[in-house]
Amino acid sequence: SGSPTVDSCVYCLGFTGGINSLNDRSSLEVYPNPAGEKTIVKGKKELGLISLYNAVGTMVYQVRTKDDQLELDLSKMPAGVYLLRSGEASYKVVKE
């Protein structure tokens, strides 16, 4: 009972790597984190499809880019924990 946790969100989105696959800094950087109104997503190559999911697994943002860096505007998002995906990389983002 109660609200789902990030662990259950990871499970419901079908990640097979489990919680250890999150925050793989070798392929993706997200800063600042925790974030205020904006955060930067930076990869070593083209980011491609960026998806942001809330704690219950609902996609709240999606964009496709050919750049290796993207500024995400989080100003309209409520405070909480989000899961950001870019290709095979996943990253936990905290919005203050």
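Mentor: One term before we start. Two strands pair if DSSP finds at least two bridges between them. Also keep in mind that this is a predicted model.

Trainee: Okay. Which residue in S6 is the bridge partner of serine 51?

Mentor: That is arginine 85. The strands behind that bridge are S3, residues 48-53, and S6, and they pair in the antiparallel sense over four bridges.

Trainee: And S6 with S7, how many bridges there?

Mentor: Seven, again with the strands antiparallel. S6 covers residues 80-86. Valine 81 has valine 94 in S7 as its bridge partner. Leucine 83 stands opposite lysine 92 in S7.

Trainee: How many residues sit between the strands in that hairpin?

Mentor: Two. Look at glycine 87 there: its phi is positive, near 60 degrees.

Trainee: Is S7 mostly covered or mostly open?

Mentor: Mostly covered. Five of the seven residues in S7 (89-95) are buried.

Trainee: Let's zoom out. What elements does the chain have?

Mentor: One helix and seven strands. Starting at the N terminus, the order is α-β-β-β-β-β-β-β.

Trainee: How much of the chain is buried?

Mentor: Buried residues are 33% of the 96 in the chain. As for contacts with a separation of 6 or more, 51% of them join residues 24 or more positions apart.

Trainee: New topic. Where is threonine 39?

Mentor: In strand S2, residues 38-43.

Trainee: Buried or exposed?

Mentor: Buried. The relative accessibility of threonine 39 is 1%, so threonine 39 falls under the 20% cut-off.

Trainee: What lies 3.1 Å from a polar atom of its side chain?

Mentor: The backbone oxygen of proline 32. Proline 32 is also among the residues in contact with threonine 39, once neighbours within four places in sequence are left aside. That list also has Val30, Tyr31, Leu70, Glu71, Leu72 and Leu74.

Trainee: What about glycine 36? Where does that one go?

Mentor: In the loop between S1 (28-31) and S2.

Trainee: Which residues is glycine 36 in contact with, leaving aside its neighbours within four places in sequence?

Mentor: Leu74 and Lys95. Leu74 is also on the contact list of threonine 39.

Trainee: How far apart are glycine 36 and glutamate 96?

Mentor: In sequence, 60 residues. In space, C-alpha to C-alpha, they are 5.5 Å apart.

Trainee: How does the lining split by class?

Mentor: Three nonpolar, four polar and five charged residues.

Note on methods: Residues are numbered from 1 along each chain as its sequence is written. This is a predicted model: local features need pLDDT of at least 70, side-chain atom pairs count only at pLDDT 80 or more; totals for chains, interfaces and linings use all residues. Side-chain values use heavy atoms; hydrogens and water are left out. Ala, Val, Leu, Ile, Met, Phe, Trp, Tyr, Cys and Pro count as nonpolar, Asp, Glu, Lys and Arg as charged, and the others, Gly among them, as polar. Buried means under 20% relative accessible area, exposed over 50%, partly exposed in between (1.4 Å probe, protein chains only). A polar contact is a pair of N or O atoms within 3.5 Å; within protein, one must be able to donate a hydrogen and the other to accept it, and residues adjacent in sequence count only if both atoms are side-chain atoms. Contact means heavy atoms within 4.5 Å.
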